Amino acid sequence: WAADYVRRNPQDTVAVLCPTNAQGGDVITALEALREPVPFDDLLRSTPQVRNVTRVLAHALLYLSNPTHKGNLIQLHNTLVKNGLLSVADQRQRRRVAELIRTVSLAEALYPRATASVAALVPPKATVSPEDLAAFQDLLALVRRWVSAVYLPPDQLILTIAQDLFSRPEDERYLALCHTIAQGQRSALQMHPTETLAELSGEFDQVARNQRGLGGLSLPDEGYTPTPGRIVVTTMHKAKGLEWDTVYLLCVDSLEFPDDLEGAYRSEPFYLPGHAPAIEARKTIERLAQAPDAAAVDALPDAVTESRQEDIAERLRLLYVGITRARRNLSITFSAKNGQRAVQPALALTVLREAYAAYGREGEGAP
């Protein structure tokens, strides 16, 4: 349906919004299997902008975890060149700079004597052009500053790298994204104070490979803007703050948007139907902290009921977010099964459908 629409209306922006990443993955698989391909963006976990930035940070941090590792420095140089953050004349010069890295002593290159030049690092028998030396010097100028800052906390080190790389006016959104990433790392450092640069690099590499996302970021936070003629596949939660001409909402059913305290909930383990241990424990602790005495605690609703009421309200708010992403056209759908579970249309969808039909029967025509 979405593919047919975008073929007929390439001037419009289109989004398929799902409650969870798993359902979005099924949509991506279906789009990839189309006989007539259509352009689409997989934004379930992160945007291309986030993946590019985290790839640069991952390779920079991996190199800084072992500054004399030549292979990591070559990888970092290739990434910087590919992203337009360092300039070389052509691919051949990039390979010649890589050969220079293999040839010189990185310890001497990073910590040169006061009178030493970059040319003095090159073995006497090697023939190197002034242009290649200049390109190598540009790389060293960056990594020398970063190596001298390697003992800063990770969030400050990330900002140091970002300010060196994204200094042009057109890079402002990337610099803002790095500030957001650094703030997240400042919070993560409190939970994992012994995390190494190599481990942090591995986390960023997973984001760059689209294997995980950066928690708490919406698409506007990640520097994304809708592009006409491309189908966006993402979650309703990540779509906050954006609008598309046409929006398709999937899986608006009784599992994703519950209304019955006795029904199935995603938060409950399959082997403990009707219970959510983590939520029950949290609600019990909250009540003990707030209630003046045991009698007051007993008078409150049980933890499961209270948590499920919160869940119903939160999911309704999420559905409202999804509905209001559409500028002109909105499609809301459900399936008979969500995974292995038989489901019904969400009560909210039934009410909307009845109101829509009643509006049309009044002779004014449906909106």
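Mentor: Contact here means heavy atoms within 4.5 Å. The model is predicted.

Trainee: With that in hand, which residues is Ile161 in contact with, leaving aside its neighbours within four places in sequence?

Mentor: Ile161 is among the residues that touch the most other members of the largest nonpolar core. Set aside its neighbours within four places in sequence, and its contacts are Leu57, Ala60, Leu61, Leu64 and Trp146.

Trainee: How many residues are in that largest nonpolar core, and which touch the most other members?

Mentor: The core holds 55 residues. Those that touch the most other members are Leu64, Leu80, Val143, Trp146, Ile161 and Leu165.

Trainee: Which elements give two or more residues to this core?

Mentor: Start with α3 (48-64), α4 (70-82), α5 (91-103) and α6 (106-110), which are among them. The list goes on with α7 (130-148), α8 (154-165), α9 (172-191) and α10 (197-208).

Trainee: Which residues does the second, separate core include?

Mentor: This core is separate and has 18 residues. Included in it are Leu219, Val232, Val252 and Leu349.

Trainee: Step back to the whole chain. Why is the protein described as more spread out than a compact globule?

Mentor: The protein has 14 helices and seven strands. For 367 residues the globule rule gives 21 Å. The radius of gyration is well over that, so the protein is more spread out than a compact globule: the value is 27 Å.

Trainee: What percentage of the residues count as buried?

Mentor: Buried means under 20% relative accessible area. Of the 367 residues, the share that counts as buried is 41%.

Trainee: And among contacts between residues at least 6 apart in sequence, what percentage join residues at least 24 apart?

Mentor: Take the contacts between residues at least 6 apart in sequence. The share joining residues at least 24 apart is 69%.

Trainee: Now some single residues. Is Leu106 buried or exposed?

Mentor: Leu106 lies in helix α6. Apart from residues up to four places away in sequence, it touches Pro67, Thr68, His69, Lys70, Leu73 and Ile101. The cut-off for buried is under 20%. Leu106 has 3% relative accessibility, so it counts as buried.

Trainee: Where is His77, and which residues does it touch beyond four places in sequence?

Mentor: His77 sits in helix α4. At 2% relative accessibility, His77 counts as buried. Not counting residues up to four places away in sequence, it touches Leu86, Val88, Arg94, Val97 and Leu139.

Trainee: Which loop holds Cys251, and what is its phi?

Mentor: Cys251 lies in the loop between β4 (244-249) and α11 (277-290). It counts as buried, at 14% relative accessibility. Cys251 is not a glycine, yet its phi is positive, at about 60 degrees.

Trainee: What is the relative accessible area of Gly24?

Mentor: Gly24 belongs to helix α2 (residues 21-32). Leaving aside neighbours within four places in sequence, Gly24 is in contact with Cys18, Leu44 and Val233. Gly24 is buried, and its relative accessible area is 0%.

Trainee: How many Å apart in space are Gly24 and Arg102?

Mentor: In sequence, Gly24 and Arg102 are 78 residues apart. In space, C-alpha to C-alpha, the separation is 44 Å.

Conventions
Residues are numbered from 1 along each chain as its sequence is written. This is a predicted model: local features need pLDDT of at least 70, side-chain atom pairs count only at pLDDT 80 or more; totals for chains, interfaces and linings use all residues. Side-chain values use heavy atoms; hydrogens and water are left out. The radius of gyration is taken over C-alpha atoms; the globule rule is 2.2 Å times the number of residues to the power 0.38. Buried means under 20% relative accessible area, exposed over 50%, partly exposed in between (1.4 Å probe, protein chains only). A nonpolar core is a set of buried Ala, Val, Leu, Ile, Met, Phe, Trp, Tyr and Cys residues joined through side-chain atoms within 4.5 Å.
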